[in-house]
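I opened my notebook to look over this structure piece by piece. Come along and read with me.

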Amino acid sequence: MKTVSTQTISDCVYRLALKASGTLTDSCRTALQDSEQKETGAARFALATVLENEKCAIAEQMPVCQDTGMCVVLLEIGQEVHLTGAPLKDAVDDGVRRAYRDGLFRKSICDPLTRINTGDNTPAHLHTEIVKGDKISVTVLPKGFGSENMSKLYMLTPAEGKTGIVNAIVDTVRIAGSRPCPPVYVGVGIGGAFDSCAFLAKKALTREVGSRNHRKDVAEIELEALEKINALEIGAQGFGGKTTAIGVSCEIAPTHIAGLPVAVNIQCHCVRCEKEILL
């Protein structure tokens, strides 16, 4: 049994939140660079601009996007780990609070009714999973809401099958148009229940852009949806062109015989996600 203080987790969240807001993931940057080479005109200019924006953010040590987002934290905790110290959620929130204060990041979290800002970008949106082993995996995903607001949850009938899933993904992006700052990265949850399906979609966004699900049938959905999304020709920042999405990633879980939940979580071109394994 390994003992880990929740302060260690708090410090890890702090480091990752600071880093994530200032840079794109490597896979996102590569996908944008590849897309830029395929485009012409306004679409190519738009992609070149978002890439230059990241260079400026790194040089000036500023956020890569003014919407530093709701801080989504995913913890995979080995069942042989014993946690000590402050309650886990308090520790995670403390890491987020310190990062947004020290990074001078915009604080965007408020009460949904009064709209009063909490003042420190907490609470974080925390997901925990108990897994085998004696390690803790920490993932921090700052999620902007220009793209989050374009996300959708569908409760399809089983008869709609693969075609219905692909249509739901493509329709979500089509309806969103230029509003989520394309080219987008699309996270998809398939199966589970109403609530867990949405988590699968969010978790899919933590994968590398361009990665494929290990299941062949799920990977086929990813590829077909991506092809049809890019055929929409919404393009970078809505200027048209070949690249409306840089990737589609699907996660899947068993569901009830009577249902086919599908969640589509949209991420803008600014994919920010950092991970660390605590040994």
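**Entry: two loop residues**

I looked up Arg-115 and found that it is exposed, with a relative accessible area of 55%. My scale calls a residue buried under 20% relative accessible area, exposed over 50% and partly exposed in between, with a 1.4 Å probe and protein chains only. Arg-115 sits in the loop between H4 and E4. Here helices (H or I, at least four residues) and strands (E, at least two) are DSSP runs, numbered from the N terminus. I also noted that the phi of Arg-115 is near 65°, a positive value in a residue other than glycine.

Cys-181 has a positive phi too, of about 60°, and is not a glycine. I found Cys-181 in the loop between H6 and E7. With a relative accessible area of 34%, Cys-181 is partly exposed.

**Entry: what I am reading**

I reminded myself that this is a predicted model, where local features need pLDDT of at least 70, side-chain atom pairs count only at pLDDT 80 or more, and totals for chains, interfaces and linings use all residues. Residues are numbered from 1 along each chain as its sequence is written, and side-chain values use heavy atoms, with hydrogens and water left out.

**Entry: cis peptide bonds**

I turned to the prolines in these loops. The peptide bond from Thr-122 to Pro-123 is cis, with omega near 5°. Pro-123 lies in the loop between helix H4 (88-102) and strand E4 (125-131).

Pro-182 and Pro-183 are also joined by a cis peptide bond, with omega about 10°. Pro-183 belongs to the loop between helix H6 (161-176) and strand E7 (184-192).

**Entry: an aromatic pair**

How many aromatic pairs does the structure hold? I found one. The ring centres of Tyr-100 and Phe-105 are 5.3 Å apart and their planes stand at 90°, so the pair is edge-to-face. For this, rings of Phe, Tyr and Trp (its six-membered ring) pair if their centres lie within 6.5 Å; planes under 30 degrees apart count as stacked, over 60 as edge-to-face and the rest as tilted. Tyr-100 is buried, at a relative accessible area of 0%. Phe-105 counts as buried as well, at 7% relative accessibility.

**Entry: Thr-6**

Is Thr-6 buried or exposed? I read a relative accessible area of 3%, so Thr-6 is buried. Thr-6 has its place in helix H1 (residues 6-20). Leaving aside neighbours within four places in sequence, I listed its contacts (heavy atoms within 4.5 Å), and they include Leu-83, Thr-84 and Gly-85. Ala-86, Leu-88 and Ala-91 are in contact with Thr-6 too.

**Entry: the whole chain**

I then stepped back to the chain, which has eight helices and 10 strands. A compact globule of 279 residues would have a radius of gyration near 19 Å, and the chain agrees because it has 19 Å. That radius is taken over C-alpha atoms, and the globule rule is 2.2 Å times the number of residues to the power 0.38. Along its principal axes the C-alpha trace spans about 50 × 50 × 40 Å.

Of the 279 residues, 51% count as buried. Among contacts between residues at least 6 apart in sequence, 80% join residues at least 24 apart.
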